[in-house]
Amino acid sequence: MDLGMSDGPFTGYRQKLLEHASGHVLEIGIGTGLNLPFYGPDVQKLSGIDPNPGMSSILKKRTDHGYPFEIDMKQGDATNLPYADASFDVVVSTWTLCSVTPAGRALEEIARVLVPHGKFLFIEHGLSPDRGVGWIQNVLTPVQKCIADGCHLNKPISEMIASSPLETTSLETFYMEKVPRFGGYTFMGIAQKQTDR
Ligand SMILES: C[S@@+](CC[C@H](N)C(=O)[O-])C[C@H]1O[C@@H](n2cnc3c(N)ncnc32)[C@H](O)[C@@H]1O
């Protein structure tokens, strides 16, 4: 996973999304820490959480390189975040919600730990609006879940965010270059915590 997601088109998307990160940031599904080089000078502290201990040795090597912000890592699940309400200015999820079940619960948790009007930055693959591609995604998802650690190809990411206590303020959808269309339909955007929900 680390090799496959470390270069090519992934790098440009990480850079573009993470330039919006600032203050105290939480990254869910931080994995091997591939986003670390893309956090800019406005980030004061990074908290990361991931349930998979297999990722942590590579992550540790990356964090040992030293970054100009404090880093705090925890093992845990995005559906039950071990942080107090309104702890973070920004929450980041990159190619993670596909593996989180139920993702709606994780979105509620993200909203809970964000400060009022805090930002959720996301880039996720999910269900294509093209019927042929969507059909293949639905057929392949049971196999994908088994071979790729619970990853679903067919989550309707923008609909899930719309039904959560977060409001999308910017969204781009596209097929990622150099990725098969069934795995590459992408939602990249920013959502904000709503204070009246
Ligand atoms: C495809 S990897 C992406 C890793 C990283 N976000 C990146 O952009 O390189 C998906 C990550 O989600 C993590 N993950 C799976 N289930 C999770 C859950 N319930 N809560 C938080 N993270 C989870 C996995 O352990 C893995 O690190």
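**Sheet, cores and ligand shell**

Val25 has Val90 as its bridge partner in strand 4. That's one pair in a predicted model, where local features need pLDDT of at least 70, side-chain atom pairs count only at pLDDT 80 or more, and totals for chains, interfaces and linings use all residues. Residue numbers start from 1 along each chain as its sequence is written. Helices (H or I, at least four residues) and strands (E, at least two) are DSSP runs, numbered from the N terminus.

**The sheet**

- Strand 1 (residues 23-28) and strand 4 (residues 88-94) run parallel, joined by four bridges; two strands pair if DSSP finds at least two bridges between them.
- The whole thing is an open sheet of seven strands with mixed pairing, in the order 3-2-1-4-5-7-6.
- Strand 3 (70-75) and strand 6 (166-175) sit at the edges with a single partner strand each, so one side of each has no neighbour in the sheet.
- From one strand to the next, the twist averages 15°.
- Helix 1 (residues 9-18) packs on the sheet and touches strand 4, strand 5 (114-125) and strand 7 (185-193). Its direction makes about 170° with that of strand 5 (axes are lines fitted to C-alpha atoms, for helices over the stretch in contact, and angles run from 0 to 180 degrees between N-to-C directions).

**The cores**

- A nonpolar core here is a set of buried Ala, Val, Leu, Ile, Met, Phe, Trp, Tyr and Cys residues joined through C-beta atoms within 7 Å. Buried means 20 or more other C-beta atoms within 10 Å of the residue's own, exposed means 12 or fewer, and partly exposed is in between, with C-beta atoms placed from the backbone.
- The largest core has 42 residues, and Val25, Val91 and Ile110 touch the most other members.
- Helix 3 gives the most to this core, six residues.
- Skipping neighbours within four places in sequence, Ile110 is in contact (C-beta atoms within 7 Å) with Val91, Phe120 and Leu166.
- Apart from that lies another core, of five residues, including Leu127, Val133, Phe182 and Tyr185.

**The ligand**

- The ligand is surrounded by 19 residues, with Gly29, Gly31, Asn52, Ala78 and Thr94 the closest; being near takes a C-beta atom, placed from the backbone, within 6 Å.
- This shell splits into nine nonpolar, eight polar and two charged residues (Ala, Val, Leu, Ile, Met, Phe, Trp, Tyr, Cys and Pro count as nonpolar, Asp, Glu, Lys and Arg as charged, and the others, Gly among them, as polar).

**A loop residue**

- Asp42 is in the loop between strand 1 and strand 2, and counts as partly exposed because it has 14 C-beta neighbours inside 10 Å.

Notes
Two residues are in contact if their C-beta atoms, placed from the backbone, lie within 7 Å.
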